[in-house]
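Here is a short report on one protein chain.

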Amino acid sequence: MRICAVALIGLIVLTGCGKKRGGSHGSGLGGFTSGGNGGDSPLSGPSDLPSATPSGLPTDLPSYSAPTPSYTYSAPPTYNSDGTNDITASGCDYDESAHSFEYTLSVRNPETQSMRYGISIQWDNQDGSGMLGSDYQSITVAAGSTQTVNASSYRYLTQQTSFTCKVTSALKYPSS
């Protein structure tokens, strides 16, 4: 508000609207005088202008700082999604009477949270002629625990075959 008043005063002084007239104070046409000349003479130049900076204004303005959040964020625990090192496969065999491959999986969960394992097993003909079969198991293991699963996969083989079996992939992720 003071800046507007100072600007208005400066405008009046520059345009001469408030200048004294005729030396008589009783005429009812009072006005402003500037500087110390106190007479009827017009302003002589920039040195006679009022100061552009009003006094009494605060020199430092309030600053804004962003509020700090009232919550803390903790990242979810990290884990290795490749679970092949957590699995031991054994007992790889073929049961002729049941026409199925049989195997045992032992899964050790080293993580600090319960994990779900998606495990793929594959049987290959030992002579390299191709795959004889495959199976998939989904197993949930509690944190720091071990779980053993005996499983079988139905495959009808028509001839005596030598084979190998292996865990081809084991992905793990946190169980809900």
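D135 sits in strand 4, residues 131-141. Strands (E, at least two residues) and helices (H or I, at least four) are DSSP runs, numbered from the N terminus. The model is predicted: local features need pLDDT of at least 70, side-chain atom pairs count only at pLDDT 80 or more, and totals for chains, interfaces and linings use all residues. Residues are numbered from 1 along each chain as its sequence is written, and side-chain values use heavy atoms, with hydrogens and water left out.

D135 is buried but has no salt bridge. Buried means under 20% relative accessible area (1.4 Å probe, protein chains only). A salt bridge needs a side-chain nitrogen of Lys or Arg within 4 Å of a carboxyl oxygen of Asp or Glu. For D135, the nearest side chain of opposite charge is R155, 5.8 Å away.

Beyond four places in sequence, D135 touches residues including Y103, I119, W123 and S152. Contact means heavy atoms within 4.5 Å.

## The nonpolar core

I119 is in contact with D135, and also with I87, L105, V107 and I139, among others. I119 also belongs to the largest nonpolar core, which has 18 residues. Such a core is a set of buried Ala, Val, Leu, Ile, Met, Phe, Trp, Tyr and Cys residues joined through side-chain atoms within 4.5 Å. Strand 3 gives the most to this core, with five residues.

## The whole chain

The protein chain has one helix and six strands. Their order is α-β-β-β-β-β-β. Of its 176 residues, 23% count as buried.

Conventions. Buried means under 20% relative accessible area, exposed over 50%, partly exposed in between (1.4 Å probe, protein chains only). Lys and Arg count as positive and Asp and Glu as negative; His and the chain ends are not counted.
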